[in-house]
Amino acid sequence: MSIRHKKRRSRSGFFKDLELLSMNLPTILWIVIFSYIPMIGIIIAFKTYRYDLGIFGSEWVGLENFKFLFRNDIMWRITRNTIGMNVLFLIVGPLFGVTFAILLNEVSSKFVRVYQTTMFFPHYLSWVVVSYLFVGLFDMELGILNRIIGFFGGEAVMWYNEAKHWPVILVLTSIWKHTGYHAVIYFAAIMGINHDFYEAARIDGASKLQQIRYITVPLLMPTVIMLTLIGIGNIFRADFGMFYFLTKNSGALYSTTDVIDTYVFRTIREFGQMHIGTAVGLYQALVGLILVTTTNFFVKKYDKNSALY
Amino acid sequence: MKRKLNNMLSWLLLIVLTGVLLAGCGAKDNNENGEKTNANNDNVSNGSSNNDTGSSQKEEPVELIWYLIGSPQEDEASVEAAVNEILLESINATLDMRVLDWGEYDQKMQLKMASGEAFDICFSSLAWVNKYVDGVNKGAFLPLDDLLAEHAPNYYKMIPEKYWEATKINGDIYCAINYQTMASMGGVFMPKKIVDKYNFDYENVKTAKDLEPYLEAIRDNEPGMYPALTKEWITFYYPEGDTPIHDVGGYLAYNTTDYSIKNEFSEEDIFSENVFRFMRDWYLKGYFRKDAASVTEVESDLKIMKYGVWPGTYKPGVEVELSNKYGYEIVAVPMTKPVIQTRSVLSGMNVISRTSKNPEKAMALIEQVNTNKELYNLLAFGIEGKHYQKIDDQTIEKIEGGGYWSGIAWEFGNQFNAYYTKGQKPGIWEETIAMNEAAISSPTLGFMYVPSEEVKAIDATNETIQKEYIAGLTTGTLDPDKYLPILREKLRKNDPDDKLIKEAQEQLDAWLAKNKK
């Protein structure tokens, strides 16, 4: 049956499915217009862009625009910060997400909604708003933290001048902001787990912890892997709002908080050089693509079903 | 049969959907194209055949688009109508004034220029917004030499020749400068109340050192106040008094005795090192707030009189201006001699876009704004009786709630055309012109450094390196003995062959050879 069907398909395949294909057309058009046609702009990365000559008329400079990135150790620093911070986020995100999802699963269903909403709330705050909350926390003179430190007789800390505190602050902020979001996803995945497993485990005398260890966590792994994979694709792309607004773009913090996105933003804003910005964007995209493909390759080796494609 | 029908239906659907999509995308374009063709027609009928401003009454009037930075005003429409009455009469054009907000102007203009939007005039400055040299480098502005001579002869003559020299890039003028305070002069400002309280003899302050007793008094007796405000760069003036150091884009400097360009942070040029040590000294003495390096917004603190003294640009009448702005009485002390430099001349100007359909008319408008007082004041303050009222012949007062008070008079053109506003001392325009004329012209007035693309890439990285330390060093938060060597090392690594300095030096030498003396 299926063989016959296939045969028929291959004979007049394209025209046969025209109706279905035509339904796709708007989407295809949309993608072509908004995703592929703008890609022509990529050539700006290899040119010196002059307004009067236009994209096509401007002079070719080859890889000149990329050189600026590799000129000195700034590139190393922003790459390290970008990847380092993102890796930290990728580790703590699922860790806290899964933990809280399991805890949510254990509390009585009456309160789940309350907990969920409270945890989800930070997710909706924009980084600009959070940055003002931060001023309240970290202001040198009036900030809550320094007042507490002062109350116990400590020396006030100049948060916005000392780079060493910021990796910790940013990771904590990320946990605070994203845990709710992750927890909901993982909670949904837990809800999808067949209850027979737990019942069987209980009959065998498994404790709560054992149930979590041998049932919940393994069955959550595909979801975790999937989300991590998607995250790795963006590992070269930092959350601009977070790194720019929370640090108040303070120069003294660059050594730990300057990431590719903030660096590029400053460069373009201060120098108005579109070609450099495009070059960095292209570089980010390429590295992202390579990272996703390699990770996917390894995941496929480990567990075929968890891979993205 | 049925299948055929189905097929047809799906084709129909496809066509309709595509049509809708394309129409959705196209609608706006059509409109814009329509406008553009209109403008084009105007151009054909007006621009080329008839440049003469007076005699084109029968032709369709031209609409000129002018971008400015400021706060958009409620009642712009009635002002525009009044402006257009004058303009239709004099140059057969109308004005579409578009004021973009302070925060968005720079970015929006970059986008407009990059996308080739058609407009006629926009505000520009050397180092502040819509940067002049960048715009010229990218081909965004038109060269104006011929237009100025032909369509704005009176305005051209009105501005002293030496200022025009300062606008030239590769020998061409690309902007119409706004005549205002042309000399830059450093000064410090203090709240009168505090000065009086401690009986501080501010009038005899000559160098920053002289301020110390005053700062000490505030530190010891005014718990709610910071003795001094630190601002980046501006602090460079004070320890050495009036050394005219010129900066060449960013952090390259030269003095006017030997014209050799040096890196301000290098061992060869210890001017900045002295400044840093000086700031460190003040920091350790407790004259600055501890977190000065990360404080970016100071205006709100100035409004509540949090600082005992702060530096800035001195000009006649500045005390009144600042007192009005902050709401308490302020005294000002000039600290340096007035010097006219390329960058002080180019602090504000208007440029004509390469996308302008009617550059001749645009220039004619610039001529009008700079020579016609009525038009200038209309743009600056609105309509008499509606937006402002006259106190006397020369002085006016804002009518609250009138809906128009541009606040950006200096952006339109020759500021000496303006009425005095309440609180301003009549005669300060004359005083300012006198100061301009008495000021020393820097020997390199007219020299402009135009960095090449390669150098700009190096510079972009420098910016980041400096930013990490400069705020700390200029506010004394960082110890120069420890951090200056680190900064120097990093800068050297970024530009091991000193390309920045070499290129700037070449340009300066070429300029000197041509213009000197």
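Reader: Which residue is the bridge partner of B:Lys390 in β17(B)?

Author: Happy to start there, and please keep in mind that this is a predicted model. Strand β17 covers residues 395–398 of chain B and runs antiparallel to β16(B), with 3 bridges joining the two. Within β17(B), the residue bridged to B:Lys390 is B:Ile396.

Reader: What is the strand order of the open sheet of 4 strands in chain B?

Author: The pairing in that sheet is mixed. Its edges are β8 (226–228) and β13 (330–334) of chain B, each with a single partner strand, so each has one side without a neighbour in the sheet. On average, neighbouring strands are turned by 30 degrees against each other, direction ignored. Read across, the order is β8-β12-β7-β13.

Reader: And within that sheet, which residue of β12(B) is the bridge partner of B:Gly187?

Author: Strand β7 spans residues 186–191 and strand β12 spans residues 307–313, both in chain B. The two pair in the antiparallel sense over 4 bridges. In β12(B), the partner of B:Gly187 is B:Gly312.

Reader: At about what angle does helix α9 of chain B run to β8(B)?

Author: Helix α9 is made of residues 212–221 of chain B. The helix lies across β7, β8 and β12 of chain B. Its angle to β8(B) is about 170 degrees.

Reader: Let's turn to charges: which parts of chain B does the salt bridge of B:Lys285 and B:Glu212 tie together, and how many residues apart are they in sequence?

Author: The side chains of these two residues meet at 3.2 Å, N to O. B:Glu212 counts as buried at 12% relative accessibility, while B:Lys285 is partly exposed at 28%. B:Glu212 sits in helix α9 and B:Lys285 in the loop between α10 (271–284) and α11 (299–303), so the pair ties together parts whose separation in sequence is 73 residues.

Reader: Is B:Glu273 buried or exposed?

Author: B:Glu273 forms a salt bridge with B:Arg277, with the closest N and O atoms 2.5 Å apart. The two are 4 residues apart in helix α10 of chain B, about one helical turn. B:Arg277 counts as partly exposed at 35% relative accessibility. For B:Glu273 the value is 14%, and because buried means under 20%, B:Glu273 counts as buried.

Reader: One last thing: how far apart are the end C-alpha atoms of residues 83–104 of chain A?

Author: The unreviewed UniProt entry annotates several stretches of chain A as "transmembrane region", including 83–104 and 124–149. Residues 124–149 are 73% helix and 0% strand, with end C-alpha atoms 30 Å apart. Residues 83–104 are 100% helix and 0% strand, and their end C-alpha atoms are separated by 31 Å.

Notes
Residues numbered from 1 in each chain as written. Chains lettered and ligands numbered in written order. Predicted model: local features only at pLDDT ≥ 70, side-chain atom pairs only at ≥ 80, totals over all residues. Heavy atoms only, no water. UniProt positions renumbered as here; feature names shortened; annotations may be inferred. Pairing = 2+ DSSP bridges. Axes fitted to C-alpha atoms, helices over the stretch in contact; angles between N-to-C directions. Contact = heavy atoms within 4.5 Å. Salt bridge = Lys/Arg side-chain N within 4 Å of Asp/Glu carboxyl O. Buried < 20%, exposed > 50% of the residue type's maximum accessible area, 1.4 Å probe, protein only.
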